[in-house]
Amino acid sequence: MDFLAENWAHVVEWFSYSGRILPSLLQGGKITLLVFALTLVLSLPLGLVFGLMRISKIPPLRWIASAYIWVLRGTPLLLQLYFVYYGLPSMGLTLEAIPSAVVAFTLNYSAYFAEIYRGGIQSIDRGQYEAAKALGYTGGQTMWKIIIPQTLSRIIPPITNETITLVKDTALITSISISELLRAAKGAVNRDLDTTAFLLAAILYLFFTLILTIIFKFTEKRFSRHIRRES
Amino acid sequence: MAILEVQNLVKNFGSLQVLKGIDFETEKGQVTAILGPSGSGKSTFIRCLNRLEKITSGKISIDNEVLADTQDGKVVYAPEKEARRICGKTGMVFQSFNLFPHMTVIDNITAAPITVQKRSQAEAEETAAELLKRVGLLEKAKQYPSSLSGGQQQRVAIARALALKPEILFFDEPTSALDPELTGEVLRVIRDLAAEHMTMLIVTHEIEFALGVADRVVFMDGGHIVESGTADALINHPKNERTRAFLNRMHEV
């Protein structure tokens, strides 16, 4: 208590400074959130497409998906970002910074999600396909109504991991001059010679990931109702 | 009139021939038990009948419709949609139940009638409730399969197969995955079906059960049907040496 009393002025000053720089950080946070949300919404279904292609009965589809996954997982995300933003214009396709970021992130994350889906689908017992076939399901009905619903409880934990990584990877887009959270923080630090902004940025990232963790926990529970837990 | 006709059915897995020319027929309402040592091809045989295995050569007709035939040494199946419709006259009960774990008991039973046969939810649920009553599991309707015993799961699996109103039911060792004290409840359900003249093909190791329920017993060994006859004739008075040896071994257990 003594410590607080002696340093009260500093504490007040710290909070008032934080309050002054917070709006610009939140502004950056909005961009971070935007790139994050768009990437997630686009890469989850795109990943499913490549995941299904990867295990398709048609060899060329399998080859395309394997090559896609190999390239996008085998090169740095930052390099892919540069390629879309700086490289594509020379091929006649110029995108603004934020769309470039969304495109690069979506392609990259869809490759990781594809592998998660593939693993989930391949973990389902062959007996499930046989039961569906014996009941007269078509291949498509079997996939959508029997197999994929069963994979949900298994793929949500690895998808949660990737999603949390995505929150942090958004910091990379600062390198193509997008004013996201990290750039906003760095701006404040450089201007005021005070690292408080970094601390606040860390708190904001933690807050995002905490919310995500809670949402995914809830979703995982919802899709695991059928799994009996030993009590 | 034969509801199922099989002629010279051959099935190879790679270079291994597991079925070496099976000829088989069953009448409507007939209950056939298929006995034989493991590796004799009996499970593969019934799995060929609903396309779980693709045959190498031969002919299969169900209810006078050709599912697969062989022309110039090449197997030709009915077009996918037709084949699915023809196989829709059959139902199958598996050794490992294969219930859908993400669906409740009642949803397991209504799913295929709704998805495959386009019945209304209300109609499907009504049928499912009747079937659950018949197998004695109506009070489990809203539970998930994981909370049921093996015997209960297998009874649900039988109800699921019956919900599509098949002309003929295949059982692939329906009690082999069950604890001994749970086989009785499953065999009882099958006996009730036999009493109602459901056409059934049952691959089983339960000799006493086969004797009690089957009109006819087929003994398979080494990919051939070695002997067939009435249950009493084949089990109590087997003619073939291999049948006799098999039954002796089973009695020793």
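Helix α6 of chain B, residues 180–195, gives the largest share of the lining of the largest cavity, 3 residues. Helices here are DSSP runs of H or I with at least four residues, numbered from the N terminus. This is a predicted model, in which local features need pLDDT of at least 70, side-chain atom pairs count only at pLDDT 80 or more, and totals for chains, interfaces and linings use all residues. Residues are numbered from 1 along each chain as its sequence is written, chains are lettered from A and ligands numbered from 1 in the order in which they are written, and side-chain values use heavy atoms, with hydrogens and water left out.

A cavity is a set of points on a 1 Å grid over the protein atoms alone where a 1.4 Å probe fits but cannot get out, and its lining residues have an atom within 4 Å of a point. Searching the whole structure gives 2 cavities of 30 Å³ or more. A volume is the space filled by probe spheres set on the points, which are joined across faces, edges and corners.

The largest cavity holds about 60 Å³. Its lining consists of B:Arg134, B:Val135, B:Leu162, B:Val189, B:Asp192, B:Leu193 and B:Glu196. Of these, 4 are nonpolar (Ala, Val, Leu, Ile, Met, Phe, Trp, Tyr, Cys or Pro), 3 are charged (Asp, Glu, Lys or Arg), and none is polar (the others, Gly among them).

The second largest cavity has about 30 Å³. Among its lining residues are A:Ala131, A:Leu135, B:Phe94 and B:Arg160. At least two lining residues each come from α6 (126–134) of chain A and α5 (150–162) of chain B, and α5(B) has the largest share, 3 residues. This lining has 7 nonpolar residues, 1 charged and no polar.

How values were computed
1 Å grid on protein atoms, 1.4 Å probe; cavity = no way out; pocket = protein on both sides within 12 Å on 5 of 7 lines; lining within 4 Å.
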